[in-house]
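I opened this structure to look at one helix and at a few backbone angles. My notes are below.

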Amino acid sequence: LWKLKSQLPTSTKKTIYTALIESHLNYLTPIWGSASDSALKSLQVIQNRALRNVYCLDSKQNRVEMYLNQVDNFLPLRAIFYTNTAAFMFNCLKKRYHNNLDFSFTIPRSSRARSYIKPQKSNTQYGSRRISAIGPKIFNELPENIQKCHHIYSFKRAIKNHIRNEDFLNSCFNGKFIGKY
């Protein structure tokens with residue numbers, strides 16, 4: 001992308017980025033996306049560099065501003081993990097995926113209260129990062145109108161709109177993201 005930076009139109013570079021980079025970042029993200037920040041740092045650097053080349057941005061460009069204002073609908077790595085994990089939970093709860101995860105629900109005491117999915121308990125730090133522990137936490141914190149979407153496309157679009165704010169994007173880069181889940 002760096003060599004093609006000034007030779008191709010942005011739309012073509014976006015297609016190349018989506019095919020060669022984002023497709024790999026999206027592949028099984030709920031499984032590997034909860035790795036430590038140090039393990040994912042090199043992937044995040046590659047993604048940032050590629051998007052700067054696609055949009056001809058300065059290398060000193062602030063990452064949060066870049067993802068908020070200049071790179072259309074592309075998300076940083078942790079936000080991709082968040083979106084794909086929530087979509088996985090959505091599909092599991094709608095019984096669209098065959099899985100062996102067993103989720104239990106809390107029953108609300110009043111008719112106005114929301115039911116929550118209980119995360120599975122773990123005995124180790126590595127176990128607390130698995131999909132059955134992080135997935136329910138991510139899904140539970142979504143607003144109720146997003147949780148009640150009927151289709152996966154409207155669900156993903158609503159999540160992207162929900163997380164496209166400065167606080168969430170800052171947490172993707174400052175090391176506080178994985179500690180929250």
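These entries cover a helix first and then some loop residues.

I am working with a predicted model.

Entry on α3, length. I looked up helix α3, which covers residues 37-54 and has 18 residues. At 1.5 Å a residue the helix should span 26 Å, and its end C-alpha atoms are 25 Å apart, so the two values agree.

Entry on α3, bend. I then checked the axis and found a kink of about 25 degrees in α3, centred on Leu43.

Entry on α3, packing. I listed the buried residues of α3, among them Leu40, Gln44, Gln47 and Asn48. Which helices do the buried residues of α3 pack against? I found α1, α2, α4 (63-70), α5 and α9 (166-173).

Entry on the end of α3. Just after the helix, I noted that Cys56 has a positive phi of about 55 degrees.

Entry on Leu28. I found Leu28 in the loop between α1 (10-26) and α2 (29-32). Its phi is near 55 degrees, a positive value in a residue other than glycine. Is Leu28 buried, partly exposed or exposed? Its relative accessibility is 47%, which lies between the cut-offs of 20% and 50%, so I put Leu28 down as partly exposed.

Entry on Lys95. I placed Lys95 in the loop between α5 (77-93) and β1 (104-105). Lys95 is not a glycine, yet its phi is positive, at about 60 degrees. I noted Lys95 as exposed because its relative accessibility is 73%, and exposed means over 50%.

Note on methods:
Residues numbered from 1 in each chain as written. Predicted model: local features only at pLDDT ≥ 70, side-chain atom pairs only at ≥ 80, totals over all residues. Heavy atoms only, no water. Helix = DSSP H or I, 4+ residues; strand = E, 2+ residues; numbered from the N terminus. Buried < 20%, exposed > 50% of the residue type's maximum accessible area, 1.4 Å probe, protein only. Expected span 1.5 Å × (residues − 1). Bend = angle between axes of the 7 residues up to and from the residue. Contact = heavy atoms within 4.5 Å.
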